[in-house]
Amino acid sequence: MRKHRAAILRAIAIIAVLACLVVFARKMKWAELGRDLAHANWGLLAIVGVINYGILFGKALSWRIMLAPKHRIPTPRLMRYTIVAFAASVVAPARAGELLRVWLLKRRDGVPTADVAAVAIAEKLLDGVSMLVLVAPVPWLLPGLERWVATSIAICAGIAIVAFVVLSILVRSRKEPTSWLGRFFAGMHVLRSGRRLLAVMATLIGVWLIDWLMIWLCGTAVGLHLTAPQCLLILFTLNLAITAPSTPAGVGALEVGVLIATRLLGIPDEPAAALALVYHGVQILPLLVVGLALEWRVIVGKDGTLALEPDKVAAP
């Protein structure tokens with residue numbers, strides 16, 4: 001039943017993405033889009049592709065902080081797993097790479113599934129909170145925006161705060177875990193340590209600042225001169241669009257998220273679409289190449305991996 005429900009939700013998300021793409025495509029001037037891409041500054045985009053690895057390093061560092069002190073995994077090893085996880089998500093739907101990271105940590109480093117799952121959930125939560133810290137001022141910095149933008153940011157912030165408070169209470173109230181669920185909550189011990197929590201938050205805010213810089217550089221590469229608040233709005237809408245698992249690597253969903261923001265900002269669709277395509281491309285293509293070079297057998301399922309079998313991976 002859970003599999004069918006997940007498949008139905010994913011199908012709805014894909015249909016919604018396709019419908020939005022059709023709406024945008026109907027008014028797109030394809031010749032102008034082609035010219036924008038042809039005249040893009042590819043040297044600058046190559047720099048963006050390198051900068052993207054700073055995001056992966058920050059993700060790996062946050063995982064190291066959250067896994068410690070119980071599990072001391074070197075940051076370079078976690079960086080490798082992060083690259084491979086992102087590469088797997090490029091070729092498989094529903095972000096299967098996240099399950100692959102669970103499998104790698106369990107098989108190669110002996111980290112229990114409950115602990116890895118707890119860290120993955122905590123990282124997603126703190127990732128969202130740290131992004132909302134940055135985008136919260138957007139409605140005031142861009143006063144001409146429609147009201148639903150501020151409402152969306154407020155709703156996302158409210159959900160994140162409630163989830164953070166509830167999980168913090170659950171983590172602090174459990175002492176001796178005796179079940180898989182108990183071990184899961186115990187694995188979120190970072191929520192009990194103020195110093196480590198601040199370290200993770202600082203790291204993730206740094207990750208979002210790198211992402212913000214990448215959007216600005218990609219815009220510059222295709223001839224768009226975006227302001228800092230405009231880049232923050234694009235950062236928010238594109239991440240909101242790819243929140244629900246849909247297509248592999250968020251293809252289409254990310255572009256819709258960018259185009260929604262640029263239409264709100266009054267930016268023509270052609271350079272906006274060029275921005276979305278180059279921003280997406282400089283992330284997924286190098287990651288796929290490097291990920292396959294590191295762990296091609298694991299990514300394509302030739303190493304006995306269970307990464308694409310969620311029920312087996314997630315079993316207690």
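**Entry 1: Asp127.** I began with Asp127, which I found in helix H6, residues 113-135; helices here are DSSP runs of H or I with at least four residues, numbered from the N terminus. The model I am reading is predicted, so local features need pLDDT of at least 70 and side-chain atom pairs count only at pLDDT 80 or more, while totals for chains, interfaces and linings use all residues. Residues are numbered from 1 along each chain as its sequence is written, and side-chain values use heavy atoms, with hydrogens and water left out. I noted that Asp127 counts as buried because its relative accessibility is 9%, where buried means under 20% relative accessible area, exposed over 50% and partly exposed in between, with a 1.4 Å probe and protein chains only. Not counting residues up to four places away in sequence, Asp127 touches Lys59, Leu204 and Trp208, a contact being heavy atoms within 4.5 Å.

**Entry 2: Ala13.** Next I looked up Ala13, which lies in helix H1 and counts as buried at 16% relative accessibility. Leaving aside neighbours within four places in sequence, I found Ala13 in contact with Pro245 and Ser246. I also noted that the C-alpha atoms of Ala13 and Ala253 are separated by 8.9 Å, although the two residues are 240 residues apart along the chain.

**Entry 3: the nonpolar cores.** I then turned to the largest nonpolar core, which has 52 residues, and saw that Val138, Ile215, Cys218, Leu226, Leu233, Ile234 and Leu275 touch the most other members. A nonpolar core is a set of buried Ala, Val, Leu, Ile, Met, Phe, Trp, Tyr and Cys residues joined through side-chain atoms within 4.5 Å. Among the elements that each supply at least two residues of this core are H1, H6, helix H10 (194-221) and helix H11 (228-241), and H13 gives the most, with eight residues. A second, separate core of 40 residues includes Leu78, Leu104, Ala122 and Val190.
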